[in-house]
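User: Could you walk me through this structure? I would like to begin with how the chains are divided.

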Amino acid sequence: MFLKELSELPGVSGNEGQVRSFIQAKLSAWGIRYDCDTIGNLYAYKETKFRNGKGEANLMLAAHMDEVGLMVSAVEKSGHLRFYKVGGIDERFLVSRPVRIGNAGIKGVIGAKAIHLQKKEERGKPLPVNKLYIDIGAKDKDDALKVVKVGDYVSFLAHAEEFQGIFKGKALDNRAGCAALLEILQRDYPGSFTAVFTVQEEIGCRGARVAAYRLNPRLALVLETTVAADLPDVEEKDHVTQLGKGPAFTLQDSSIVTHPRVLERLIAVAREGGIPYQFRRYSGASTDAGAISLAHGGVPAGVISNPCRYLHSPASILNLDDWRNQVEVVDGFIRSVLAKGL
Amino acid sequence: MSEEHWEKKELENFLKEISEAHGVSGYEDLVAGPIERAFAKYVDETRRDNLGNLIFYKKGKRDTAPRLMFCAHMDEIGLIVTFVEKKGFLRFNALGGFDVRTLPGQEVKIYGKEIYSGVIGQLPSHLRKGEQKEKAPEIKDLFIDTGLPEEVVRDRIDIGAVVALQREFIPLRHRCRAGKAFDDRAGVALLWQCACELSRMDHEAHVYLVATVQEEVGIRGAMVSTYGLTPDLGVAVDVCHGDIPGAAEHEVSPLGKGPVITSGPNIHPRLAERLMAVGKDYGIPFEQDISPGPTGTDARAIQVSRDGIPTALLSVPLRYMHTSVESLDLDDLKGGGRLLAFFAAGADRSFVEGLACF
């Protein structure tokens with residue numbers, strides 16, 4: 001399992017290079033043929049070792065490599081860095097936080113004015129993102145510009161860690177999906193399919209759109225990571241998903257209504273395998289499945305997600321049993337469509 | 001590697017070690033160990049008083065020599081478990097003054113029957129309604145997620161378990177470093193530097209270096225240590241606000257320009273003057289600030305102990321105080337330690353006697 005390594009790599013939307021290189025190295029080591037396109041998607045061609053393999057399913061699996069983050073927008077005279085958000089990062093998790101900047105990984109912190117210096121009404125409001133800045137300890141602007149530049153991508157500096165059966169780290173959305181795809185790619189199947197590690201999902205599913213056009217698949221399954229809101233003060237109907245109840249199947253989100261036959265097949269595979277599963281009870285947010293489903297003349301597509309608490313934060317939490325069960329459902333799904341189509 | 005360089009690295013390593021250690025107010029034991037080990041080679045005697053203050057004694061020339069007390073608090077702000085929710089989520093109160101907006105998403109260690117990892121959670125963004133979006137969270141809105149099943153939490157983590165923030169020391173550019181609990185482990189590191197310098201100096205005075213407890217919950221440790229030691233004078237070593245965008249210039253001090261010497265009613269004017277004179281005489285840069293009332297430091301308690309103790313305050317400029325990414329410049333620690341050591345070496349009987357009827 002490569003979840004720890006994948007979680008700790010920086011890969012903000014538009015700057016997925018380090019994640020891509022890591023995955024490419026694995027594919028090379030396993031002798032899996034791969035290539036890339038101009039936007040940065042990585043295609044792994046899983047070819048059958050069985051001579052009589054059908055290989056006709058033309059199945060596309062996809063998981064996005066990118067994570068939400070920040071981008072340096074200006075360097076102040078004082079040497080502090082201002083930033084833009086890249087994707088839907090949860091602003092409430094930005095203060096009191098270490099970050100890494102640029103591909104060299106320059107370390108910085110996002111601080112907050114000391115509580116002692118704040119007026120009471122200031123404390124009562126959320127910290128606006130346009131008032132925050134990154135401190136790298138530079139003496140002034142010139143000093144800062146020696147090691148960073150406007151346009152540098154910024155990601156959380158956070159260790160991934162397994163404790164008490166759960167896994168904690170940044171960027172689990174969607175390195176958990178990438179790690180699951182890598183697990184699948186190490187197995188043998190009686191047919192061929194293509195696994196795509198996509199880019200720029202967090203800023204509008206842009207990589208998947210290109211990838212689906214290029215592959216023109218007959219069927220697609222997206223491996224994702226989604227909100228688990230099984231928390232205090234949240235009613236059960238609002239939980240979206242719950243940790244430990246198995247991978248979540250999407251009924252609909254803002255980008256797709258899951259193709260009924262894909263959904264039926266996912267449920268059938270889980271039931272036959274005795275694998276727990278749940279439904280994602282929330283209709284908001286978009287996924288790569290939406291972009292893929294509208295490629296060419298349309299592609300039947302579905303989504304299977306890891307439930308994850310504190311999504312888009314530096315300390316997201318998922319349950320490793322859910323992750324393993326996601327791998328098993330995807331494995332069963334591939335075997336099922338290779339054997340009998342959709 | 002030059003001796004100078006090695007020494008600086010040693011100071012940095014000590015700061016890293018005690019910054020990463022946990023010791024919230026009232027529960028300072030875990031950080032007391034490494035502090036005691038680091039000071040041992042430079043002092044003649046070590047003891048802890050009833051409240052937990054760690055007192056290092058450096059012997060003076062004779063019994064009648066002045067007795068100086070320098071103190072810095074070793075406690076850090078933290079949390080304490082107050083309630084176990086269904087599914088095992090923990091509710092908590094603060095030990096010390098947090099900006100609650102800095103807590104969500106922070107990683108913590110919970111001191112139950114063993115030490116457990118946890119993450120501070122809050123309502124997911126998409127479930128916030130109307131005015132919730134305009135309001136900062138309150139402590140009652142937050143909880144700790146350990147990932148443990150409820151029955152295990154109930155068995156292993158009691159109400160009253162203390163919780164400390166978890167943060168690795170972060171080297172920034174040049175001599176700038178970030179981490180948690182620099183308030184006031186930076187002060188403790190400055191005292192250590194002072195002990196190190198003093199070990200090579202000839203000094204008449206008896207010097208007591210004290211790592212105090214419970215500053216963050218009401219400046220309690222220094223009250224007791226001052227009463228117990230009855231020094232002729234006391235210097236509190238703490239942190240002050242470093243320069244950050246958005247703060248008025250008069251509220252903050254620049255990083256890397258030396259330690260800050262405070263003046264005001266909480267401070268004996270002769271002591272502040274002497275500290276500044278020492279800085280000038282030995283070429284140690286320093287900054288000044290003023291505090292118009294009792295300071296929020298150990299100095300507040302020292303001054304009114306027994307029949308009154310002449311008191312001074314030496315501070316390290318610190319950005320983002322009470323967050324987990326407090327930032328400082330190592331040279332301010334080094335300079336502060338040297339300044340305090342030269343001050344101690346120059347404090348004789350006549351200086352101390354001159355502090356009355358000034």
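Analyst: A note on terms comes first: domain bounds come from an automatic or database domain assignment. On that basis, chain B has domain 1 (3-76 + 180-353) and domain 2 (78-165). This is a predicted model, in which local features need pLDDT of at least 70 and side-chain atom pairs count only at pLDDT 80 or more, while totals for chains, interfaces and linings use all residues. Residues are numbered from 1 along each chain as its sequence is written, and chains are lettered from A and ligands numbered from 1 in the order in which they are written.

User: What distance separates the centres of domain 1 and domain 2 of chain B?

Analyst: Taken over C-alpha atoms, the centres of domain 1 and domain 2 of chain B are 33 Å apart. Twelve residues from domain 1 of chain B and twelve residues from domain 2 of chain B make the contact. Two residues are in contact if their C-beta atoms, placed from the backbone, lie within 7 Å.

User: And how is chain A divided?

Analyst: Chain A has domain 1 (3-67 + 170-340) and domain 2 (69-156). Their centres, over C-alpha atoms, are separated by 32 Å. Eleven residues of domain 1 of chain A are in contact with twelve residues of domain 2 of chain A.

User: What about chain A as a whole; how many helices and strands are there?

Analyst: Chain A contains nine helices and 17 strands. Helices (H or I, at least four residues) and strands (E, at least two) are DSSP runs, numbered from the N terminus. The C-alpha trace of chain A spans about 70 × 45 × 40 Å along its principal axes.

User: How much of chain A is buried?

Analyst: Of its 342 residues, 57% count as buried. A residue is buried if 20 or more other C-beta atoms lie within 10 Å of its own, exposed if 12 or fewer, and partly exposed in between, with C-beta atoms placed from the backbone.

User: Which strands make up the open sheet in chain B?

Analyst: Three strands form this open sheet in the order 10-11-17, with antiparallel pairing. Two strands pair if DSSP finds at least two bridges between them. Strand 10 and strand 17 of chain B stand at the edges, each with a single partner strand, so one side of each has no neighbour in the sheet.

User: How many bridges hold each pair?

Analyst: Strand 10 and strand 11 of chain B are joined by two bridges, and strand 11 and strand 17 of chain B pair over four bridges.

User: Which way do the residues of strand 17 point?

Analyst: B:Glu326 and B:Leu328 point one way from strand 17 (residues 326-329) of chain B, whereas B:Ser327 and B:Asp329 point the other way, and all are buried.
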